[in-house]
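Welcome, and please have a look at the structure below. We will walk through it together, one part at a time.

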Amino acid sequence: MLSIKNLHASVEGNEILKGINLEIKAGEVHAIMGPNGSGKSTLSQVLAGNDAFEVTSGEVTLNGENLLEKATEDRARDGVFLAFQYPVEIPGVSNMQFMRTAVNTMRHHNGESEMNAAEFMKHAREVSKQVDLDPAFLKRGVNEGFSGGEKKRNEIMQALLLQPKLAILDETDSGLDIDALKVVSDGVNALRSEDRSILMVTHYQRLLDHIVPDYVHVLSDGKIVKSGGPELALELEERGYAWLGIKDEATAASSALSNSAN
Amino acid sequence: MATTDQEVNELIKRDYEHGFVTEIETETFEPGLNEDVIARLSAIKKEPEYMLEWRLKAYRRWLEMTEPDWAHVGYPKIDYNAISYYSAPKRKEDMPQSLDEVDPELLRTYEKLGIPLHEREQLAGVAVDAVFDSVSVATTFKEPLAKAGVIFCSISEAIRDYPELVEKYLGSVVPYSDNYFAGLNSAVFSDGTFVYVPKGVRCPMELSTYFRINAANTGQFERTLIIADEGSHVSYLEGCTAPMRDENQLHAAVVELVALDDAEIKYSTVQNWYPGDENGKGGIYNFVTKRAACIGNNSKVSWTQVETGSAVTWKYPSCILRGDNSVGEFYSVALTHNYQQADTGTKMIHLGKNTSSTIISKGISAGRSSNVYRGLVKFGPRAEGARNFTQCDSLLIGDRCGAHTFPYIESLNKSAIVEHEATTSKVSDEQMFLCRQRGIDPEQAVSMIVNGFCKEVFKELPMEFAVEAGKLLEVSLEGSVG
């Protein structure tokens with residue numbers, strides 16, 4: 001499915017990713033953990049194709065196809081989905097219109113017929129229940145005046161609608177209370193399937209109590225320094241990052257200032 | 001990763017879909033302006049004496065006036081003697097008595113523009129007056145309107161058939177001495193639309209005029225007069241297009257609206273004159289005076305405009321709120337692209353007690369264009385309890401365009417309340433990234449974001465127009481993402 005080889009990327013001349021290697025097979029759920037500023041969000045943004053980041057070397061393929069040479073929208077149509085850490089507002093554009101446009105673009109790409117407003121409304125109402133969002137949200141402007149938790153649920157709802165091949169969840173747990181965390185996790189678990197890969201970027205172990213990953217990777221200073229099974233997350237929870245020889249949070253946080261993506 | 005320059009250029013090239021020229025035999029005046037030309041024009045139109053006198057007075061006054069230069073626009077000096085002041089399709093009869101007598105080539109032109117004039121295909125619920133260069137070529141649904149007592153005809157017909165109404169109201173809102181372009185228009189206006197809605201009548205359908213400039217080196221000077229008598233209601237739509245030509249063409253219209261006691265006029269415009277090419281060559285100079293007089297108590301006038309065309313626009317649809325409790329509204333979307341320049345806004349003149357006005361202006365600038373909002377809110381000494389709310393929002397696409405806001409507020413009454421809000425925003429990279437990450441084309445993403453920005457204005461437009469306006473923005477924005 002996804003293969004990342006020696007990926008280097010920088011923003012405004014600062015190298016953030018310094019040689020990432022990662023293989024994710026279909027059906028697998030991988031968690032990327034690491035302190036602030038380690039490059040977690042940069043990795044998500046680079047995979048999705050944010051122009052603000054420059055890939056300086058390395059290779060990324062999705063099902064054998066070179067992902068890096070494709071435009072953002074083409075990657076999305078090939079099945080790459082990014083659940084944003086801070087979803088942006090688009091005033092005046094209804095959530096419904098936005099989602100229907102996205103879904104129909106995808107359907108068109110897959111050679112399926114487009115859904116009309118009524119069909120989509122019915123479908124969207126069903127999915128909104130899955131993430132416990134009031135269908136009234138469909139009529140509001142995209143993320144306009146949504147609370148942090150509502151924005152995150154809205155992101156997961158879009159993932160459920162678009163049924164991606166590779167779902168990248170960027171700090172989807174941040175800013176959620178326990179109840180919302182449960183709802184979002186249920187949504188993500190509903191996404192798990194044999195032909196879908198999930199890459200979760202998270203700072204905290206607590207998300208992994210709800211969504212148990214197949215593999216856990218620790219990212220530090222732009223490189224994966226340790227990989228393991230779900231037990232690695234528990235060990236990190238208990239012992240922190242220091243035992244892996246990673247700088248403590250405070251130093252890491254100061255270096256994060258130069259990383260605009262975090 | 002982004003669309004390449006070449007693709008962008010191709011998109012811009014198919015930008016303006018109404019740019020075709022109709023091959024038709026015309027009767028066109030030699031370029032030049034003097035009293036003889038005006039007399040000839042008046043004679044062709046078989047106008048009564050009063051009209052010619054009024055035109056000549058306007059012309060003599062215009063000669064003493066100077067072209068205004070305060071607007072935030074730049075264009076080469078216009079040679080008023082290089083313009084032809086009359087061009088009309090040739091016809092055998094004086095006036096076509098029915099649509100069957102209208103030149104089929106003209107009917108085809110309007111069909112191509114999406115305005116079928118044939119009886120069987122006419123737009124349901126919308127009566128159309130079609131103005132081609134200097135003359136009105138057809139007016140649909142005249143009979144059902146006449147049954148309701150509504151007069152809907154070309155201004156030339158009204159001058160002949162309803163002299164008492166025309167003499168009373170023509171120039172009553174925009175006198176010929178008002179400004180340079182209004183003076184010129186009063187001297188040489190060739191056609192336009194006249195509407196009279198009698199007391200207590202709610203006009204049974206939308207009224208609409210479709211203006212088409214076709215001939216080269218010709219100015220279009222149309223004149224529209226709408227009178228809503230006591231307790232009446234009318235909704236009027238205006239659309240306009242022109243062929244693509246390398247020379248600039250002048251369009252200097254005057255629109256006067258009169259609302260008596262308890263009357264309401266809703267005036268909507270979708271202006272899509274040829275804006276010039278991507279290098280700023282050609283395009284229409286749109287210098288228009290639009291003004292409404294709410295002379296009656298409890299009267300209401302609402303202007304809604306979507307401006308996407310013209311090389312240079314100079315236009316301030318205004319309301320004089322003379323009647324007590326009268327209401328003025330202005331909803332505007334002005335989009336400029338490439339080298340277009342727009343200086344547009346409104347004037348709300350509060351004279352009566354408890355008058356109120358609302359201004360919602362949305363300016364969108366792309367390319368190297370310049371987009372200006374200029375607005376005046378004025379409260380006279382008698383305007384007790386008057387209030388205004390103004391909201392001006394600017395949206396920038398790219399970093400080579402400009403947006404400016406010049407709000408003027410004058411108050412001679414202490415009880416008047418005025419609120420003003422203004423914002424400037426950009427179509428952000430984050431918004432674009434979100435849309436594209438969901439698979440949406442960059443072009444479609446921009447148009448979706450812009451449409452969202454304009455939503456408050458679009459909801460004021462009649463249904464068919466709102467759809468049209470949304471599509472128009474899409475076309476106008478093609479190629480704005482580089």
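Chain A holds 9 helices and 12 strands, where helices (H or I, at least four residues) and strands (E, at least two) are DSSP runs numbered from the N terminus. Please keep in mind that this is a predicted model, in which local features need pLDDT of at least 70, side-chain atom pairs count only at pLDDT 80 or more, and totals for chains, interfaces and linings use all residues. Residues are numbered from 1 along each chain as its sequence is written, while chains are lettered from A and ligands numbered from 1 in the order in which they are written.

Let us start with the overall form of chain A. Its C-alpha atoms fill a box of roughly 55 × 40 × 35 Å along the principal axes. A compact globule of 262 residues would have a radius of gyration near 18 Å, and chain A agrees with its 18 Å; this radius is taken over C-alpha atoms, and the globule rule is 2.2 Å times the number of residues to the power 0.38. Of the 262 residues in chain A, 44% are buried, that is, 20 or more other C-beta atoms, placed from the backbone, lie within 10 Å of their own.

Now find the sheet. In chain A, 6 strands form an open sheet with mixed pairing, in the order β6-β9-β10-β3-β11-β12; two strands pair if DSSP finds at least two bridges between them. Strands β6 (80–83) and β12 (223–228) of chain A stand at the edges with a single partner strand each, so one side of each has no neighbour in the sheet. On average, neighbouring strands of this sheet are turned by 20° against each other, direction ignored. At one end, β11 (residues 215–220) of chain A pairs with β12(A) in the antiparallel sense over 5 bridges, and A:S220 has A:K223 of β12(A) as its bridge partner.

Which strands does helix α1 (residues 40–48) of chain A touch as it packs on the sheet? They are β3 (29–33), β6, β9 (166–170), β10 (197–202) and β11 of chain A, a contact meaning that C-beta atoms, placed from the backbone, lie within 7 Å. The direction of α1(A) makes about 145° with that of β9(A); axes are lines fitted to C-alpha atoms, for helices over the stretch in contact, and angles run from 0 to 180 degrees between N-to-C directions. Helix α5 (residues 148–162) of chain A lies across β6 and β9 of chain A, at about 165° to β6(A).

Finally, turn to chain B: the contact takes 18 residues from chain B and 24 residues from chain A.

How values were computed. Contact = placed C-beta atoms within 7 Å. Buried ≥ 20, exposed ≤ 12 C-beta atoms within 10 Å, placed from the backbone.
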